[in-house]
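Here is a brisk tour of a protein model. Keep the sequence and the 3D view open as you read.

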Amino acid sequence: MGQAARDAAELLGQARRVVIFTGAGMSAESGVPTFRDALTGLWRQFDAQALATPDAFRADPALVWGWYEWRRATVRQARPNAGHVAVAAIEARVPSSVLVTQNVDDLHERAGSAAPVHLHGSLFAPHCSGCAQPAPVPDLTEEPAEGRRIPPPRCARCSAAVRPGVVWFGEALPTEALEAAVEAASTCDLLLTVGTSGLVYPAAEIPQVAARLGAAVIQVNPEETPLDRVADVNLRGPAARVLPALVDAAWDRPHGA
Ligand code: BJW
Ligand code: ZN
């Protein structure tokens, strides 16, 4: 084990209040493409930053709804990886820990995390674009409908188009979730950021808030990110390998062994 890994294990083993802050890299090893790699195969002709906007949905609802149907199907076929399981293990070890995720999948829940704070909503909570009434999640299509336009269902109450329950560019984050995340980051002694590019605001402020108020910050990411300079320890590697090793080193083995 290298010095960075030993330092991280020491910090985690001693922390009383931990915030785990996750992004798309967390689910990459489950086969869910990251946001910046989101448009694979037939979707490659589009731009994710342009599709994840209210304007795109207004201009071509079937294109945007089809993309989200395909992503929902991809996530349903995916399984939590060893990294998600390690996150749930940290929560079990440190009772006053808070999991804050930017991810719109449900892999943390399926790995045993009881109540992740979802800053960017969920693929599984569509609602009406007119009256905001929650709409039922559509049935699983047999195959992910890659590259297909699918017209969104209509709201049972007002007949406006149903939209994905995610936060698009230019939209406000859910107030309760953002407040819970800021509160947790302001009062933790350790923040563990995993698999996020740290490019999208205001979510990217969360690790910065923790650091500014004196918490230690550990980052897990195979690549460099703007959060490198915020982090006290950078663990360069994939979440499904690095996180289980970190948990083992923090609690299951004597330090220095
Ligand atoms: C691995 C790995 C492995 C790979 N293990 N790691 C300040 C400055 C400039 C602009 C702004 C600003 N403040 C706000 C803005 C505008 C905008 C913004 O931030 N733009 C930037 C791009 C510049 N922000 C907004 O518009 C936000 N709203 C807002 O500000 O509202 C203001 C307002 C207030 C009041 C009223 C009205 C308005 C909303 C942002 C919403 C973001 N939504 C998305 C889409 C969700 C739905 C969907 O999924 O389709 O959320 S965008 C997308 O990015 C998604 C993600 O949650 C988010 C973050 O991405 P993430 O998770 O970091 O993924 P990637 O792909 O970027 O990175 C993956 C990382 O994993 C990489 O680093 C890899 O190396 C790593 N990795 N394999 C570990 N195995
Ligand atoms: Zn409606």
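## A surface pair in helix 4

Asp55 is exposed, at 52% relative accessible area. Exposed means over 50%, buried under 20% and partly exposed in between, using a 1.4 Å probe on protein chains only. Arg58 is also exposed, at 62%. The two side chains form a salt bridge, with N to O at 2.7 Å. A salt bridge here is a side-chain nitrogen of Lys or Arg within 4 Å of a carboxyl oxygen of Asp or Glu. Asp55 and Arg58 sit about one helical turn apart, because they are three residues apart in helix 4 (residues 54–59). Helices (H or I, at least four residues) and strands (E, at least two) are DSSP runs, numbered from the N terminus.

This is a predicted model: local features need pLDDT of at least 70, side-chain atom pairs count only at pLDDT 80 or more, and totals for chains, interfaces and linings use all residues. Residues are numbered from 1 along each chain as its sequence is written, chains are lettered from A and ligands numbered from 1 in the order written, and side-chain values use heavy atoms, with hydrogens and water left out.

## Other salt bridges

How many salt bridges does a search of the whole structure find? The count is seven. One of them joins Arg149 and Asp60, at 2.5 Å from N to O. This pair links distant parts of the chain, 89 residues apart. Arg149 lies in the loop between strand 4 (121–128) and strand 5 (162–166), and Asp60 in the loop between helix 4 and helix 5 (61–77).

Arg110 and Asp106 also meet in a salt bridge, at 2.9 Å from N to O. Arg110 is partly exposed, at 37% relative accessibility. Side chains of opposite charge can pair when their charged atoms come close.

## The zinc site

Which residues coordinate the zinc ion (ligand 2)? The donors are the SG atoms of Cys128, Cys131, Cys155 and Cys158, at 2.3 to 2.4 Å. Donors are N, O and S atoms within 2.8 Å of the metal (3.2 Å for Na, K and Ca); water is not among the atoms, so sites may look incomplete. The site is tetrahedral, with angles of 97 to 119 degrees among its four donor atoms. Four donors count as tetrahedral if all angles lie between 85 and 135 degrees.

The donor spacing in sequence is C-x2-C-x23-C-x2-C. Cys131 and Cys155 are 24 residues apart, and each lies in the loop between strand 4 and strand 5. Cys131 is partly exposed, at 27% relative accessible area. Cys155 is buried, at 8%.

## Backbone notes

Ala132 is not a glycine, yet has a positive phi of about 75 degrees. Its place is in the loop between strand 4 and strand 5. Ser159 has a positive phi too, near 65 degrees. Ser159 lies in the loop between strand 4 and strand 5 and is partly exposed, at 45% relative accessibility.

The peptide bond from Tyr201 to Pro202 is cis, with omega near 5 degrees. Pro202 is found in the loop between strand 6 (190–194) and helix 9 (205–212).

Definitions and conventions
Tetrahedral: all angles 85-135°; square planar, octahedral: opposite > 155°, others 65-115°.
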